[in-house]
Amino acid sequence: MATNTVAVPDPPRRAFHTAHQHLDHLKHPGQLEGLVIAIDDFEDFARHVQELVWSAL
């Protein structure tokens, strides 16, 4: 996860391209894709994402 292009891996990888191997019930095209178009409160959003990421470790 990153908020700037400096943190993008080289070479760039597609997000979630192996997720189907871990979430086998989501196999159909489009089920693991999404789009964020607006975030009203970025600070709150970032805090929530951080909590989710750390809870998975």
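Helices here are DSSP runs of H or I with at least four residues, strands are runs of E with at least two, and both are numbered from the N terminus. With that rule, the protein chain comes to 2 helices and 0 strands. Before you click further: this is a predicted model, where local features need pLDDT of at least 70, side-chain atom pairs count only at pLDDT 80 or more, and totals for chains, interfaces and linings use all residues. Residues are numbered from 1 along each chain as its sequence is written, and side-chain values use heavy atoms, with hydrogens and water left out.

**Stop 1: the whole chain.** The protein chain exposes about 5800 Å², and carbon and sulfur atoms supply 57% of that. Accessible areas come from the Shrake-Rupley method with a 1.4 Å probe, and for residues only the protein chains shown count as cover. Call a residue buried under 20% relative accessible area, exposed over 50%, and partly exposed in between (1.4 Å probe, protein chains only). Buried residues make up 2% of the 57 residues in the chain.

**Stop 2: the loop.** Select Gln-31, in the loop between α1 (19–22) and α2. What does Gln-31 touch, not counting residues up to four places away in sequence? Show His-25 and Leu-26: those are its contacts, with contact meaning heavy atoms within 4.5 Å. Gln-31 is partly exposed, at a relative accessible area of 36%.

**Stop 3: charges on α2.** Move on to helix α2 and select Arg-47 and Glu-43, which both lie in this helix, 4 residues apart, about one turn. Side chains of opposite charge can pair when their charged atoms come close. The cut-off for a salt bridge is a side-chain nitrogen of Lys or Arg within 4 Å of a carboxyl oxygen of Asp or Glu, and the count comes to 2. One of them joins Arg-47 to Glu-43, with the closest N and O atoms 3.1 Å apart. Shared partners join Glu-43, Asp-44 and Arg-47 into one network. Colour the trio by accessibility: Glu-43 is exposed at 57%, Asp-44 is partly exposed at 43%, and Arg-47 is partly exposed at 38%.

**Stop 4: the rings.** Hide those and select Phe-42 and Phe-45. Phe-45 belongs to helix α2, residues 42–55. A pair of aromatic rings is described by the distance of the centres and the angle of the planes. Rings of Phe, Tyr and Trp (its six-membered ring) pair if their centres lie within 6.5 Å; planes under 30 degrees apart count as stacked, over 60 as edge-to-face and the rest as tilted. The count is 1 aromatic pair. Phe-42 and Phe-45 form a tilted pair, 6.2 Å centre to centre with 40 degrees between the planes. Being 3 residues apart in α2, these two are separated by about one helical turn.

**Last stop: a greasy patch.** Together, Ile-39, Phe-42 and Phe-45 make a nonpolar surface patch of about 250 Å². Patches are built from residues with over 30% relative accessible area and no salt bridge, joining like charges within 9 Å and nonpolar side chains (Val, Leu, Ile, Met, Phe, Trp, Tyr) within 5 Å. Phe-42 is partly exposed at 45%, and Phe-45 is partly exposed at 35%.
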